[in-house]
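Hi,

Here is the structure I said I'd pass on. Have a look at it first, and my notes follow below.

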Amino acid sequence: MQKIIMPKIEIKNFGPIKDVTFGIKDYTVFIGPQASGKSTIVKLFYYFRKFNTDFVRLLSLPLGFKTSVDQLDISHTLQQLVCKTFHDYWEHKAFFIQDFNITYNYSNQTYIKLICKNKELYAEYSTDIIKLFEESRQHLMNFRKQGKLKPEYYDSPMIVAYHNELRDKANKFFGNWNMKYIPAGRHVFPILKDQPVFIKDKFVRNFSPEINYIKSEWENTPKNNSSLITKQKQIELVQLILKGSYSISGDEDGIMPSDFNEVIPLVYASSGQQESLWVLLSILNTFFSEEKYCYIIEEPEAHLFPEAQRNIMHLLTYYVNNKCGNQLMITTHSPYILTPLNNLLQAYLLGQNKSKHDNVSKIIDPKIWINPDHFECYYVDNGNIESIVDSEVKMMNLEKLDNASRIGNDEYDKLSELED
C-alpha cells in the first residue's frame, strides 16, 4: 500500500471521551471495555468522512437540501449542513448536556470544528472550505444570470464540467472513499427485516437498506466469472466462517451448511452466522469493484469461535491490501483478534529479509502481511486513548490487555491456597 496522509481528530468532552487527539491509518483497531467510547470515535469518523458526499450534493444541480441560490450563504448553509446532520445522528439531548469541542483535520490545512456551548451547536471551517463554497456559489450565480438553472440544461457540457470540478475539488479536500458503516447487533436484522423504523440509532437504521444493496451486489456477481476464481482464497474463508455458503432466491435467503443439502432460512441460522454474514458478503463484494472503500465495522468477531475470528481478520486484511487506498476501522472487545494481527505484522517484518521471505510465505500468504507503517491499534478506556503498538518492535504489546487474565489467575491462586 502507498503511504498517504491520514486525518486526525480532537475530541473534548463528547460522550464518554474526555480529551484525546490522535490520527488513524489505513488499518486501525480500537479495543477496550464496553461503554468506553470506541463506537463514539468511529461514528464521528464516519460522520466527518461523509461530509464530502453532503457537500457535493448541496452544491449540485438540482440544488440539494431544498436550497435556492439566494440562500447559499456561509453563515446559514454550511451551519445547516454540518449541524443539522450532526443532530440527525446524535439526536438525543443527553449528547448536548455538557459543552464539547470536536475538530476533524482532513489535512494540515483543511478542518471542520464543532462546538457545543450551553446546549447550542455551531461549526467553524478552514478557509479553503469557505473558498470552495464561495467559488461554487459564484458558478451557480453565473449560471442563473445565463438562464442555465433549468432542468433542460442540467446535462449540458457546462453544468457537467461544473459538477466534475466540484467533485474533484471536494475529493481533494475531504478524501474520496465509498463509506461503509457496519454496526454491531447485526443478528437482529433478519428478525426485523423491513421494520427499521423501530431502530432509534440512525447509524444502525441506515444499515437496513445497505443489506438490500449487499444482497443485490452478491446476486449480480457472475458466479462463473474468471475473477471469482482468482478470489478463491477469500471465498473459502467466507465458507469456513459460515460453515456453509450463502444462498438467495428471490426474497428468500439463508445458509446452505457444508454438510447438509438444505438451505436454512437466515432467521433460523446461528447467531454467529447472522452476525458475520453481512460483513463477509459486503467485504467480498469489494473484490469485484474498482472503487476505493473505507469500512467501519463494529465487533467483526461477534459470536464467533476464536478460529473463525482469526479467519475473519485474514479476510479483512485481504480487503485492506487488495487496493491502494482501501481503509478499515474496527472496534472490538476481543484480544483473540489481536494475536493473528500481530502474526501478520511479524510476517511482514520477517519477510523483508530476503533469506526468510520464501519460508514466511509458506506459513502466511504475503497478500495479508501487514505493513506496520499502515497499522495502528488503540486501547480506549475511562475516556482516554493510547496506542498499544510498540514503536520499536512495530508490533502490539498485548500485555496491556491481560488484566482479566491476571484477575482470574489471582482468584485461582487464592482458591488454591485453601486446598492446603
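I9 has F22 in strand 2 as its bridge partner, and K12 is bridged to D19 of that strand. Before I go on: this is a predicted model, where local features need pLDDT of at least 70, side-chain atom pairs count only at pLDDT 80 or more, and totals for chains, interfaces and linings use all residues. Residues are numbered from 1 along each chain as its sequence is written, and side-chain values use heavy atoms, with hydrogens and water left out.

Strand 1 (residues 8-14) and strand 2 pair in the antiparallel sense over six bridges. Helices (H or I, at least four residues) and strands (E, at least two) are DSSP runs numbered from the N terminus, and two strands pair if DSSP finds at least two bridges between them. The hairpin they make has two residues between the strands, and G15 there takes a positive phi near 60 degrees.

Both strands belong to an open, antiparallel sheet of five, in the order 2-1-4-5-6. Strand 2 (17-23) and strand 6 (120-125) each have a single partner strand, so one side of each is left without a neighbour in the sheet. From one strand to the next, the twist averages 10 degrees. Helix 1 (residues 38-49) lies across strand 1, strand 2, strand 4 (100-105) and strand 5 (111-117), at about 125 degrees to strand 1. For angles, axes are lines fitted to C-alpha atoms (for helices over the stretch in contact), and values run from 0 to 180 degrees between N-to-C directions.

There is another open sheet, with three strands in the order 8-9-10 and antiparallel pairing. Its edges are strand 8 (244-249) and strand 10 (264-265), each pairing on one side only. Six bridges join strand 8 to strand 9 (residues 252-257), and S249 has E252 as its bridge partner.

Now the helix packing. Helix 4 (residues 127-145) and helix 5 pack at about 175 degrees with their axes 11 Å apart, and are therefore roughly antiparallel (angles under 35 degrees count as roughly parallel, over 145 as roughly antiparallel, 65 to 115 as roughly perpendicular and the rest as oblique). The residues in this contact (heavy atoms within 4.5 Å) include I129, L132 and F143 in helix 4, and Y162, L166 and F173 in helix 5. By class, they divide into eleven nonpolar, two polar and four charged. Here Ala, Val, Leu, Ile, Met, Phe, Trp, Tyr, Cys and Pro count as nonpolar, Asp, Glu, Lys and Arg as charged, and the others, Gly among them, as polar.

Helix 2 (residues 51-58) also packs on helix 5 (residues 157-174), at about 155 degrees with axes 10 Å apart. That pair is therefore roughly antiparallel too. F51, N52, F55 and V56 in helix 2 meet L166, R167, A170, N171 and F174 in helix 5, which makes six nonpolar, two polar and one charged residues.

How many of the eight residues of helix 2 are buried? Six are, so the helix is mostly covered (buried means under 20% relative accessible area, exposed over 50%, partly exposed in between, with a 1.4 Å probe and protein chains only). They are F51, N52, D54, F55, V56 and L58.

Beyond its neighbours within four places in sequence, T28 is in contact with L328, M329, I330, E376 and Y378.

Cheers
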